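Please look over the sequence and the structure shown here, then follow the paragraphs below.

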Protein chains: 2
Amino acid sequence: MIFELTILGSSSAVPTSKRNLTAHVLNVHERFFLIDCGEGTQMQIRRNKIRFGKINHIFISHLHGDHIFGLFGLISTFSLLNRDKNLHIYAHAELENILTKHIEYFERNLSFKIVYHHINPKRNEVIFEDSKLTVETIPLKHRVPCCGFLFKEKPLLRNIKKVFVENHIVPISQIQKIKEGEDFITESGDRIPNNEITLPPFKQRSYAYCTDTAYYEKIIAIIQNVDLLFHEATYASNLKKMAKDTFHSTSEQAATIAKKASVGKLIIGHFSARYKDLTALENEAKAIFENTVVAEDGERHTIPLTR
Amino acid sequence: MIFELTILGSSSAVPTSKRNLTAHVLNVHERFFLIDCGEGTQMQIRRNKIRFGKINHIFISHLHGDHIFGLFGLISTFSLLNRDKNLHIYAHAELENILTKHIEYFERNLSFKIVYHHINPKRNEVIFEDSKLTVETIPLKHRVPCCGFLFKEKPLLRNIKKVFVENHIVPISQIQKIKEGEDFITESGDRIPNNEITLPPFKQRSYAYCTDTAYYEKIIAIIQNVDLLFHEATYASNLKKMAKDTFHSTSEQAATIAKKASVGKLIIGHFSARYKDLTALENEAKAIFENTVVAEDGERHTIPLTR
C-alpha cells in the first residue's frame, strides 16, 4: 500500500540542464496520478521507470506553457503505443479547446479517448474519488486561474492480527466485517471483541501540491496537517517584491504556509533558473520550518504507513 | 573555423530514456543552426552548453510532432530570457499558421520577432546564404511534405604562408587580394607569384541532413561527396516492409545511399524505440558502407579542415 511522490521536474518556466519543467507523479496503491505536464515529461516518466499504461489521470494546475507543453508529446506517444484506455484530464475548461484543436491537426488517428473533466480553480471541492482516495482542488493566487491539488487516502480498515488468523478458521465473509470493526463469533458461539483481534487502522496519508501561487493564507485551512506539502518557492527572500509582482512565492513564504498548516514535511521547488545554488532558499525555509527539503528531479518521497 | 555537428536527439517519434526526439545543431564558424526541434530540445541545448543567443536560424524538415513540439517551449524560453534578435524559421508555410495561433494564446508579449521563410520541400534550391555558407533543401519521400537540408561551406580563401608575413611588410589592403590569388608587388616593384607565398585554400566542408524519408535515390545527386551525411535508419533490414509502408528507411538503405553518393562519413539515427541494442542496424549498415557511426545524443562530429 504505497503512497509515493516522484518529482519529474523542479524548475520554473525556464528549465536548466539539471531541472526539468514541472511534473509530479503520485503513486497511491499502484494508481499513478500525473500532476502537471511540462515539456519533457514523457522522457522523465521513462527515465524514472514509470509505466505509461499505469497513468490514467492527469491533473493540470493552470494553463501556462511550462505546466502543459508536455501534453502534446505525451498524447502522441500514448497513441503511437496504441493505448486504448481512456485518459482522464482534470483541468480548466479551456484546455479542452486547446487540445481538441491540436489533436485535430496532429493526431488524426488517436488510438484512445480523452475524457475532459472541467475544474473550477476558484472552488475547493472533490474532483476525483475512487475506492482508495479523493482529490480536491486548492484555489491558489496566480496571474491566471490556478489551483493546487490535495490527494487524500480514504480511511483504511483495521488490521487483523496475524496470531488470530493463525489460530482460528475465519470465513472469508467475516474478514471484511472484522476489518470494519465487528466482533468475531466462534463456531461455538463465543464472542471475541474486535479490539482483541485487530490493530487500529493505519493513518490516512495525504499530499498537497501547491504551484504556481503567491503567498496565500487561504490555503492553510485546506491543507492543514497533510503529511507532505509541495509548495513553490521560485525566489529567495531578497526577491520578495518580484515574487509578489509575478504571483510567485519565496521559500520563506512556502515555509510559513507549511508551519501554519502544521504539515509533516515540506518540499520546495519551481525554482527560478537564476539559482545554481539553492542553499539560500533552503536555509531561509528551514529557519521557519525545519523539515523542509529541496526538490530534485527523479527523487522519490515515500510516506510510510503509521498507526 | 569550426564545422561541427551536435546531435541533440536520435530517437524516432517515441523517445526513450536515453534518446531524445530529433534535433541537431550545426556550428559553422560559430554560427549555430538548429535543425528540427523535437520536444526537449531546449533542455538538450542547455545540457550541451550551446548558448541560446547564438541560435538565430531554425530549419524544420516537416510538420510531424516529433520534429517540432520543442518549438513551443524554446520560443517561450527565448522570450522569458528577453531575446531581442529576430529568429528565422525555415519551414513549410503551414508552420507559420500553427505558431502564430500558438503565440497569440500563450506568448502574448513575445520579446522578439519571428521571421518565417516558407520553403517548398519539393524543390532543391538555396534557401539561405551568408558570407560563410549556403543551405539547400533536399526533397525527401515521406508521408507529408518533407525535405532535408544541405549545409555547404562557401569556398575558402588561400592561406598566406607564415614565413612570407614574417619577412615582408604587407599592407592590410593587400592581404585580402593575396588570399584571393593575386601576386604580391614589393615596394621595389618586384613581383612575387601568388603560389610562392600562399597555400591552397582548405576544402569546402558540407553536411547533409536527411530525415524522415523512405529509400529515395533522387537525393544522391544532391548530396554527392558530402563530408558528413545524416540519414535516418528507423529500422533493421528485417523490417524493410514496415519501413516502406511508413516511408522510413532501414540502416542498409541509409548505407546504400551513402555509398552511392560517395560521402565521407555516414551517421545513422532516428531509431525506432523498439531497439535497445543497435548492433544489428550498425552492422547491416557497415557491411555496405564501412564509415558508418550510430548517432548518440550529445555526441559531436567535427569535420576538420583539409586541403
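Is helix 10 (residues 251-260) of chain A mostly covered or mostly uncovered, and how many of its 10 residues are buried? The model is a predicted one, and in it helix 10 of chain A is mostly covered, with 7 of its 10 residues buried. The buried residues of helix 10 are Ser251(A), Glu252(A), Gln253(A), Ala254(A), Ala255(A), Ile257(A) and Ala258(A). The cover over them includes three strands of chain A, namely strand 15 (228-232), strand 16 (265-269) and strand 17 (292-294). Helix 8 (220-223) and helix 11 (279-286) of chain A are also among the elements that cover these residues. Just after helix 10, Ser262(A) takes a positive phi of about 50°.

In soluble globular proteins, nonpolar side chains tend to be buried together. The largest nonpolar core here has 140 residues, and the members that touch the most others are Leu229(A), Leu266(A), Leu229(B) and Leu266(B). For chain B, the contacts of Leu229(B) can be listed, leaving out residues up to four places away in sequence: Ala208(B), Cys210(B), Ile223(B), Ala258(B), Ala261(B), Val263(B) and Leu266(B).

Thr279(A) is placed in helix 11 of chain A. A residue counts as exposed if 12 or fewer other C-beta atoms lie within 10 Å of its own; Thr279(A) has 10 within that distance and is therefore exposed. From Thr279(A) to Gly181(A) the separation is 98 residues in sequence and 49 Å in space, C-alpha to C-alpha.

Now take chain A as a whole. Chain A holds 11 helices and 18 strands. Its radius of gyration is 22 Å, close to the 19 Å that the globule rule gives for 307 residues, so chain A is as compact as a globular protein of that length. The C-alpha trace of chain A spans about 70 × 55 × 35 Å along its principal axes. Of the 307 residues in chain A, 43% are buried. Among contacts in chain A between residues at least 6 apart in sequence, those that join residues at least 24 apart make up 64%.

Chain A is divided into two domains: domain 1 takes in 3-156 + 202-302, and domain 2 takes in 159-199. Between the C-alpha centres of these domains of chain A the distance is 42 Å.

How is chain A laid on chain B? A turn of 180° with a shift of 0.0 Å along the axis does it, with an RMSD of 0.0 Å. The two copies are thus related as by a two-fold rotation axis. Gly40(A) is the residue of chain A that comes closest to the rotation axis, with its C-alpha at 2.6 Å. The same surface serves both copies, since 100% of the contact residues of chain A recur in chain B.

The contact between the chains takes 21 residues from chain A and 21 residues from chain B. On the side of chain A that touches chain B, the elements that give two or more residues are helix 1 (41-47) and helix 3 (70-80) of chain A. Helix 3 gives the most, with 5 residues. By class, this side of chain A has 9 nonpolar, 9 polar and 3 charged residues.

How values were computed. Residues numbered from 1 in each chain as written. Chains lettered and ligands numbered in written order. Predicted model: local features only at pLDDT ≥ 70, side-chain atom pairs only at ≥ 80, totals over all residues. Domains from an automatic or database assignment. Least-squares fit on C-alpha atoms with pLDDT ≥ 70 in both. Contact = placed C-beta atoms within 7 Å. Helix = DSSP H or I, 4+ residues; strand = E, 2+ residues; numbered from the N terminus. Nonpolar A, V, L, I, M, F, W, Y, C, P; charged D, E, K, R; others polar. Rg over C-alpha atoms; globule rule 2.2 N^0.38 Å. Buried ≥ 20, exposed ≤ 12 C-beta atoms within 10 Å, placed from the backbone. Core = buried A, V, L, I, M, F, W, Y, C linked by C-beta atoms within 7 Å.
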